[in-house]
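This note sets out a series of points for a reader who is new to protein structures. Please keep the sequence and the structure in view while reading.

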Amino acid sequence: MKCPECKMLYSEDSQTDRREHSRYHDSIVNGHRSKIYKKEKVIFQASDYRITVVDKRSTRYETERAIAVGVMGHTESGYDSRPFDKSELFDSRTQVTVFLVHCHDRTIGILVAERATIKWKMTWDEYSHRDVPPEFDSGENLWSGRFIWVHSKHRRRGLAKQLVSSALDFLGIGIEEFAYSSQLSKDGEMLARSLSSRFLGTR
Ligand SMILES: CC(C)(COP(=O)(O)OP(=O)(O)OC[C@H]1O[C@@H](n2cnc3c(N)ncnc32)[C@H](O)[C@@H]1OP(=O)(O)O)[C@@H](O)C(=O)NCCC(=O)NCCS
Ligand SMILES: [Zn+2]
């Protein structure tokens with residue numbers, strides 16, 4: 001059968017399947033189960049939430065947790081790949097840094113930041129009218145958001161905004177120097193519009 005909530009296909013007759021489904025279902029409905037890890041690098045903490053950084057200095061546990069949450073966010077958003085590969089955290093050419101949001105023992109949000117060449121620079125008006133100015137190559141790599149996701153239970157509480165703001169502080173840049181992946185979803189566009197006065201796009 002296919003679970004209507006988590007969409008997992010499993011057999012009710014198999015005990016292993018039922019166990020596997022209940023574990024997966026719980027992580028989809030409540031967020032990825034994860035421990036408060038004493039080695040994690042916390043860059044923001046307030047009430048129930050904390051934000052941590054995952055980069056080449058992180059432990060295997062933190063890296064695996066980031067990959068699992070990335071896959072969960074990508075799957076829910078309709079993408080069939082993962083938003084980053086482990087090897088990118090260690091590759092000085094790609095320069096990928098990941099930020100996670102946790103609520104107690106659940107990881108419920110992710111921002112994958114990367115350095116990339118800027119191809120588009122336009123106002124939000126130009127963006128909405130698909131009034132695209134000629135592609136340009138800034139020649140420099142800027143920090144940009146490749147993917148951002150917050151668990152549906154925790155949306156519209158300012159967590160994505162806080163995630164970007166904490167990431168910018170950590171990376172030592174301002175919002176006007178931060179670019180976005182050119183394929184913004186509707187939610188992503190609304191968030192980006194609320195954060196910056198114009199669109200800087202990669203690829
Ligand atoms: C995009 C996303 C990460 C936003 O997360 P969030 O934590 O709900 O965003 P915030 O609460 O920080 O929103 C900050 C502001 O952005 C704007 N905003 C964010 N999501 C919005 C939406 N769906 N509709 C309208 N405005 C929105 C609002 O101005 C909001 O402030 P307000 O709530 O005071 O009005 C979340 O909707 C998500 O994970 N969506 C699915 C994945 C996705 O599409 N990711 C983007 C890929 S490009
Ligand atoms: Zn289910």
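Of the 19 residues around ligand 1, which come nearest?

1. The surroundings of the ligand. The model discussed here is predicted. In this model, Arg-155, Ala-160, Ser-185, Gly-188 and Met-190 come nearest among the 19 residues around ligand 1. By kind, the residues of this shell divide into nine nonpolar, five polar and five charged.

2. The elements that supply the shell. At least two shell residues are supplied by each of β6 (141-150), α5 (159-171) and α6 (186-195). Helix α6 gives the largest share of the shell around ligand 1, namely five residues.

3. Helix α5. This helix has 13 residues, and from its first C-alpha to its last it reaches 18 Å, which is close to the 18 Å expected at 1.5 Å a residue. Its buried residues are Ala-160, Leu-163, Val-164, Ser-166 and Ala-167. Seen down the axis of α5, the buried residues fall within an arc of 165 degrees, so they line one face of the helix.

4. Arg-156 lies in the loop between β6 and α5. Is Arg-156 buried or exposed? It is exposed, because it has 8 other C-beta atoms within 10 Å, and the cut-off for an exposed residue is 12 or fewer. Although Arg-156 is not a glycine, it has a positive phi of about 60 degrees.

5. The hairpin of β2 and β3. Strand β2 (residues 41-46) pairs with strand β3 (residues 49-54) in the antiparallel sense, over five bridges. Within this pairing, Ala-46 has Tyr-49 of β3 as its bridge partner. Two residues stand between the strands of the hairpin, where Ser-47 takes a positive phi near 40 degrees. Ser-47 counts as exposed because it has 6 C-beta neighbours inside 10 Å.

6. From β3 to β4. Strand β3 is also joined to strand β4 (residues 96-103), by six bridges, and the two run antiparallel. An example of a partner across this pairing is Leu-100 in β4, which is bridged to Thr-52. Val-54 lies in strand β3, and it is buried because 26 other C-beta atoms lie within 10 Å. Val-54 and Leu-89 are 35 residues apart along the chain, and their C-alpha atoms are separated by 8.2 Å.

7. The pairings of β5. With which strands does β5 pair in the antiparallel sense? One is β4, over eight bridges, with Val-112 of β5 as the bridge partner of Val-98. The hairpin formed by β4 and β5 has two residues between the strands, and His-104 in its turn has a positive phi of about 50 degrees. Another is β6, which pairs with β5 over nine bridges, and there Thr-117 has Asn-141 as its partner in β6.

8. Further partners of β5. Strand β1 (residues 32-33) is joined to strand β5 (residues 106-123) by two bridges, and these strands run antiparallel. In this pairing, His-32 is bridged to Thr-107 of β5. Strand β8 (residues 198-202) also runs antiparallel to β5, with five bridges between them. Here the bridge partner of Thr-123 is Arg-198 in β8.

9. A residue of β6. Trp-143 is found in strand β6. It counts as partly exposed because it has 18 C-beta neighbours inside 10 Å; the buried class would need 20 or more. Trp-143 and Tyr-180 are 37 residues apart in sequence, and in space they are 8.7 Å apart, C-alpha to C-alpha.

10. The division into domains. The protein chain is divided into domain 1 (1-30) and domain 2 (32-201). How far apart do the C-alpha centres of domain 1 and domain 2 lie? The distance between these centres is 29 Å.

Note on methods: Residues numbered from 1 in each chain as written. Chains lettered and ligands numbered in written order. Predicted model: local features only at pLDDT ≥ 70, side-chain atom pairs only at ≥ 80, totals over all residues. Near = placed C-beta within 6 Å. Helix = DSSP H or I, 4+ residues; strand = E, 2+ residues; numbered from the N terminus. Nonpolar A, V, L, I, M, F, W, Y, C, P; charged D, E, K, R; others polar. Pairing = 2+ DSSP bridges. Domains from an automatic or database assignment. Expected span 1.5 Å × (residues − 1). Arc of directions from axis to C-beta.
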